[in-house]
Amino acid sequence: MENKEEFLEFAISKFLKFGSKRFTLDDLAHEMGISKKTIYQYFSSKEEIVLESLKYLLTKVQNEITEVIEKEKTNPIQGIIAIYRIGLDNLKKFSPSFLLGLQKYYPRANELFNEFRANAIHDCVLELLQQAQINGEIRKNVNLALTSHIYLNRLEYVLFSSNNLFDQYSSSELLEHLVINNLRGIATQSYAPNLS
């Protein structure tokens, strides 16, 4: 294995598509044209590969989020929309079985995913909501923590709960209905027309 980063990127793409449990190390070795023995020279278990490949993906997403926050630092609501656009673009690659596999078989990877969602997404979005409220873009009487929990947290469960909503709607439609419309509902009358 020449490049660990390429390996992790390939592995996470397969786990996301087929599920972390269903896509085996034999499948991974076969598709990469290497032996399982080679994989075990770098990783002690499949659980470690799932964890490390998820960590690789979440680091890439975090870097995208950091860039967008910097770019939109004067417009926190547009920053929130951009963050959720990134989130939807990435969640679109997930099969529902990937998340279920994390919960059931890979507790460390599941914990990593939950921590990322809580820290990188929730805390970041809440901070942007607070800044928007200070800027007069969100009504003063809105409980931002509650709003964040109700509408913006655990988006993946809404998207994959009974049907995969990505199979039925475009990412832009989902962004509009799951995020932007909710932001319009809490925005001040003067700011709401700016949301798109």
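Reader: Leaving aside its neighbours within four places in sequence, which residues is Leu-54 in contact with?

Author: In this predicted model, where local features need pLDDT of at least 70, side-chain atom pairs count only at pLDDT 80 or more, and totals for chains, interfaces and linings use all residues, residues are numbered from 1 along each chain as its sequence is written. Side-chain values use heavy atoms, with hydrogens and water left out. Leu-54 is in contact (heavy atoms within 4.5 Å) with Ile-12, Phe-98, Leu-102, Ala-109, Leu-112 and Phe-113, once neighbours within four places in sequence are set aside.

Reader: And what about the largest nonpolar core, how many residues does it have?

Author: The largest nonpolar core has 67 residues, and Leu-54 and Leu-159 are those with the most contacts inside it. Such a core is a set of buried Ala, Val, Leu, Ile, Met, Phe, Trp, Tyr and Cys residues joined through side-chain atoms within 4.5 Å, where buried means under 20% relative accessible area, exposed over 50%, and partly exposed in between, with a 1.4 Å probe and protein chains only.

Reader: Which element gives the most to this core?

Author: Helix 7 does, with 12 residues; among the other elements that give two or more residues are helix 1 (4-18), helix 2 (25-32) and helix 10 (171-186). Helices here are DSSP runs (H or I, at least four residues; strands are E, at least two), numbered from the N terminus.

Reader: Stepping back, how many helices and strands are there in the protein chain?

Author: The protein chain has 10 helices and 0 strands, and of its 196 residues, 47% count as buried. Its C-alpha trace spans about 60 × 35 × 25 Å along its principal axes.

Reader: On helix 1, which residues are buried, and what covers them?

Author: The buried residues of helix 1 are Phe-7, Leu-8, Ala-11, Ile-12, Lys-14, Phe-15 and Leu-16, and what covers them includes helix 2, helix 3 (36-42), helix 4 and helix 6. The ends of helix 1 also fit its length, because its 15 residues should span 21 Å at 1.5 Å a residue and its end C-alpha atoms are 21 Å apart; the expected span is 1.5 Å times one less than the number of residues.

Reader: Changing topic, what volume does the largest cavity have?

Author: The largest cavity has a volume of about 260 Å³. Of the 20 residues that line it, the closest to its centre are Gly-87, Leu-91, Phe-113, Phe-116 and Ile-121. On a 1 Å grid over the protein atoms alone, a cavity is a set of points where a 1.4 Å probe fits but cannot get out, whereas a pocket is an open set with protein on both sides within 12 Å along at least five of seven lines, and lining residues have an atom within 4 Å of a point. Grid points are joined across faces, edges and corners, and a volume is the space filled by probe spheres set on the points.

Reader: Where does the largest share of that cavity's lining come from?

Author: Helix 5 supplies the largest share of the lining of the largest cavity, 7 residues.

Reader: And the largest pocket, how much space lies in it?

Author: About 170 Å³ lies in the largest pocket, and helix 1 gives the most to its lining, with 5 residues.

Reader: Last one: is Asn-164 buried or exposed?

Author: Asn-164 is buried, with a relative accessible area of 17%, and its place is in the loop between helix 9 and helix 10. Not counting residues up to four places away in sequence, Asn-164 touches Phe-94, Pro-96 and Leu-159.
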